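Here is a short briefing on one structure. The details follow, grouped by topic.

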Amino acid sequence: MEWNFLAAIGRVALQFMRSVGHLSLFTVQSFKHIVLPPFYLRLFLKQLMFIGYYSLPVVGMTALFTGMVLALQIYVGSSRFNAESAVATIVVIGLTRELAPVLSGLMVAGRVGAAIAAEIGTMRVTEQIDALVTLSTNPYKYLVAPRILAGMITLPMLVLVGDIIGVSGGYLVATESLGFNASGYIKNTFDYLEARDVISGLIKASVFGGLITLMGCYHGFNSSGGAQGVGRATTNAVVSSFILILISDYFLTVLLLK
Amino acid sequence: MMTMSGSAKISLKNVSKSFGNKTVLNNLSLDIAEGESVVVIGGSGTGKSVMLKCILGLLEPEAGEIFIEGQQLVGARPSVREKALRKTGMLFQYAALFDSLPVWENVAFGLIQAHGMERGAAKHIAIEKLALVGLGADMAHQSPAELSIGMQKRVGLARAIATDPEIIFFDEPTTGLDPIMGDVIDNLIRDCTKHLGASTLTISHDMESAQKIADKIALIYKGSVVWIGPADEIDHCGNPYVEQFVRGDINGPIELDILKP
């Protein structure tokens, strides 16, 4: 019994190490093909549109309502010790440093990560990736590199738009329902905002964009077993993206606070 | 860079491949001469598809050597393999068309990506190749998902011959087709390969199709070639494995992975 238990732990540990090794090799291959020619500009632009432009509504809605609810909640808390004037500052710092990158990352992971895993997973199980190889086309270069690069570039852009929309949401709630003076709110928003607040959020977004697309590509690329396998790959891509976003967020925050 | 002499267009020497404890290819050797059409037959799970995947570099054999035009591919650098594959075309069992691209881009894919041809010129050739397999120019802008499986196979064939390859691989070309469409595909394969003068390697279960398109037929059993000979000799070759396979008899030297009633 004790032996079986140890064997089970050993199997899980070995499987985990195998997966880490496999993912590491996949990541190295992917980034190698991002920097080495040839480059598929047409595919890259297509992914910019898919990941960036078509995610704008979902990121915009998320940022708008997050900014609005943030203003309300911070007002409730700060009014308990007469610090209502801090609402604008806390909203903008909370959004730019933390909420816009993390929530945009999670929304894009749900939308884009799942779609990438499903598309590449279907290509895997229908032999389309094998067909790419037989047509002398490297699937890392053709499928993976454009998606990861597009993810790393577009997510910061989305977050920047999300920052603006989120702050606007906070402004709307503060001025329309909490009775704040419009010019005072705007002044407080920008007076204490530092460039590094915004830049740290954009750096996080770029890392999250890379993680989301990497997970989508990795799980899709390694899917097997028909429709069920593609479904499993999609779920794994989204779940692993969520977890990696939250874990890396902590470590990036520690790193960027130094 | 290792090469071999001899006239074989494709040559497999003692190729072995296992998955865990299961040996799928066991010292398999096979030669295909220039302009020759070889059909490999055998039961399910005997290693036919694995052999093809090893040649195409989709799987790496544990032992043995694979040569395309004398160029050793096992363990070769990706650039060497890509260069060798530029001389080949492949028709997949279910066509494996890229569903994100229209029909003409599927056919022109190898011309644009591997041969660096300009898109307009590649489209012109793609429409010509579609005509060769009996599909009109009006099909060019359709999505593969809008086509029947027979039409998809014909588009797959047009893609396989688009770059005028010296070697063409066919994986179960008639599987899933009705007998008439199967015959159409067989005729297209025969005509296209004769027209190109290409060497072909086909995997099939279909004896009628095999006899129609093959110069030589090889039977694989338990990962090795147990018989190879001219297509017209298969019915009276005297090999007990071949006879059992051709007759479709449950009794004989071929052991089946099923429980006998």
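F208(A) is in contact with P101(A), G105(A), L155(A) and I245(A), leaving aside its neighbours within four places in sequence. Two residues are in contact if their C-beta atoms, placed from the backbone, lie within 7 Å. This is a predicted model: local features need pLDDT of at least 70, side-chain atom pairs count only at pLDDT 80 or more, and totals for chains, interfaces and linings use all residues. Residues are numbered from 1 along each chain as its sequence is written, while chains are lettered from A and ligands numbered from 1 in the order in which they are written.

**Around F208(A)**

- F208(A) sits in helix α8 (residues 195-221) of chain A. Helices (H or I, at least four residues) and strands (E, at least two) are DSSP runs, numbered from the N terminus.
- F208(A) counts as buried because it has 29 C-beta neighbours inside 10 Å. A residue is buried if 20 or more other C-beta atoms lie within 10 Å of its own, exposed if 12 or fewer, and partly exposed in between; C-beta atoms are placed from the backbone.

**Chain A overall**

- Chain A has nine helices and zero strands.
- Its C-alpha atoms fill a box of roughly 65 × 55 × 35 Å along the principal axes.
- Of the 258 residues in chain A, 45% are buried.
- Among contacts in chain A with a separation of 6 or more, 87% come from residues 24 or more positions apart.

- G21(A) lies in helix α1 (residues 2-35) of chain A. With 10 C-beta neighbours inside 10 Å, G21(A) counts as exposed.
- The C-alpha atoms of G21(A) and G201(A) are 29 Å apart, and the two residues are 180 apart along the chain.
- P37(A) and P38(A) are joined by a cis peptide bond, with omega about 5°. P38(A) is in the loop between α1 and α2 of chain A.
- Helix α2 (residues 41-52) of chain A has twelve residues, which should span 16 Å at 1.5 Å a residue; its end C-alpha atoms are 16 Å apart, which agrees. The expected span is 1.5 Å times one less than the number of residues.
- Q47(A), I51(A) and G52(A) are buried in α2(A). They cover an arc of only 100° around the axis, so they are on the same side of α2(A). The arc is that of the directions from the helix axis to the C-beta atoms.
- Exposed residues R42(A), L45(A) and M49(A) are carried on the face of α2(A) turned away from its buried side.
- The cover over the buried residues of α2(A) includes α4 (87-125) and α6 (139-176) of chain A.

**Strands of chain B**

- An open sheet of six strands has the order β6-β7-β8-β3-β9-β10 (chain B), with mixed pairing. Two strands pair if DSSP finds at least two bridges between them.
- β6 (88-91) and β10 (224-230) of chain B stand at the edges, each with a single partner strand, so one side of each has no neighbour in the sheet.
- Strand β9 (residues 216-221) of chain B pairs with β10(B) in the antiparallel sense over six bridges. I217(B) stands opposite G229(B) in β10(B).
- Strands β1 (residues 8-19) and β2 (residues 22-33) of chain B run antiparallel and are joined by eight bridges. A8(B) stands opposite A33(B) in β2(B).
- β1(B) and β2(B) form a hairpin with two residues between them, and G20(B) in the turn has a positive phi of about 65°.

**Positive phi in chain B**

- N27(B), a residue other than glycine, has a positive phi near 55°. N27(B) lies in strand β2 of chain B and counts as partly exposed, with 15 C-beta neighbours inside 10 Å.
- E69(B), also other than glycine, has a positive phi near 50°. E69(B) is in the loop between β4 (63-68) and β5 (71-72) of chain B.

**Where the chains touch**

- Ten residues from chain A and 16 residues from chain B make the contact.
- On the side of chain B that touches chain A, α2 (78-85), β6 and α3 (103-114) of chain B each supply at least two residues. α3(B) gives the most, with four residues.
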